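Please look over the sequence and structure shown below, then read on.

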Amino acid sequence: MTASPNPSPFAAAPTFPGIHHVTMLAGDAQRNLDFYVGTLGLRLVKRTVNFDDPTTYHLYYGDALGRPGTLLTFFPWPGARRAQRGSGAIESVALAVPPSSLDAWRTRLDDAGVAHTAIERFGTDGLAFDDPDGLRLELVATGDDDADPAIQRVDTVTLRLREAAPSAAFLRDVLGFHDATRDGLHQRLAFADGGPSARVDLIEDPTTARARGGAGGVHHLAFRVTDDAAQGAWQDRIAQAGHHVTAVQDRSYFRSIYFREPGGVLYEIATDPPGFTRDEPAASLGAGLQLPAWFEGRRAEIEAALPPLRDAASPPITTTHPEVQP
């Protein structure tokens, strides 16, 4: 019998469908909202607070219902220093759009005054640009063909590392990824069949300085699981592989465990349920400040500490989703 190209010393990995969300740091909350809703056309699906610092917003953007796999989330800290790109960090986040939509996106970014460059990687065209805090984003033509040019999901994240081999081994041996392909400096690993939202790219750069956190930096990458049992299986597997993993954390809209890969990047495994409609109907997601039960007694204090947020300055690119029509 032919041996697996990536043999693992552990039992077969549990499964997860791919990326759940990516969480970043930002500076000004209003500027962040204007860009991700007004320019990129995502929906603000939840305005809540950082559960570790409730005087700070936690803003969630995604598709019309905030489905796992579509989510970008931000902790905005006014006056925060800018992040410095470097090793041991997620360097860029790629978002899938329909292949036919790149010309429309070029025009939209031009109209918004957002500088962008054409990219081609793994045989796929795309556009690269920075958000207002300097976070590198890419729109890649890997989405489903659709008349709607909207962003469809998180496609890939790219890690820059001084040494890629330990991080690649962790993805393969512990998380069950496999080597997919290479393109120049980019080494791609994929989970299961390597489908949408199930890819991680690694860049090895032994000369780069260590990344510094701040506005425009990525805080962590979260993978999806369908339920608590699958999350528990991952928790056991990571611990048995000799890596520290946290207890389950209640994030109100999902439950989470956290751990670091060998290069220092923080990973999370988050459950799909209960989702963002647990405290707001689908038609009004993101309309009001939502607090977990343990902060409700401090609502007046928390609201007074948060800057007011107005609606985004320009209309989103997305069309009305049939499930949230009035």
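## Helix 3

The buried residues of helix 3 (residues 164-174) are A164, S167, A168, F170, L171, D173 and V174. Buried means under 20% relative accessible area, exposed over 50% and partly exposed in between, with a 1.4 Å probe and protein chains only. Helices (H or I, at least four residues) and strands (E, at least two) are DSSP runs, numbered from the N terminus. After helix 3 comes G176, with a positive phi near 80°.

## Basis of the model

The model is predicted: local features need pLDDT of at least 70, side-chain atom pairs count only at pLDDT 80 or more, and totals for chains, interfaces and linings use all residues. Residues are numbered from 1 along each chain as its sequence is written, and side-chain values use heavy atoms, with hydrogens and water left out.

Eight strands form an open sheet in the order 6-7-8-5-9-12-11-10, with mixed pairing. Two strands pair if DSSP finds at least two bridges between them. Strand 6 (116-121) and strand 10 (177-183) are the edge strands, each pairing on one side only. From one strand to the next, the twist averages 30°; axes are lines fitted to C-alpha atoms, for helices over the stretch in contact, and angles run from 0 to 180 degrees between N-to-C directions.

Strand 9 pairs with strand 12 (residues 199-204) in the parallel sense over 6 bridges. Within strand 12, V200 stands opposite V157.

## R160

R160 belongs to strand 9 (residues 153-161) and is buried, with a relative accessible area of 15%. Its side chain makes a polar contact of 2.4 Å with that of E91. A polar contact is a pair of N or O atoms within 3.5 Å; within protein, one must be able to donate a hydrogen and the other to accept it, and residues adjacent in sequence count only if both atoms are side-chain atoms.

## Nonpolar cores

The largest nonpolar core has 71 residues, of which V22, Y36, L72, L175, V200, F223 and Y267 touch the most other members. A second, separate core of 8 residues includes Y60, F254, F276 and L285. Such a core is a set of buried Ala, Val, Leu, Ile, Met, Phe, Trp, Tyr and Cys residues joined through side-chain atoms within 4.5 Å.

## Backbone in the loops

The peptide bond from P273 to P274 is cis, with omega near 5°. P274 lies in the loop between strand 16 (266-271) and helix 5 (299-305). F122, in the loop between strand 6 and strand 7, has a positive phi near 55°.
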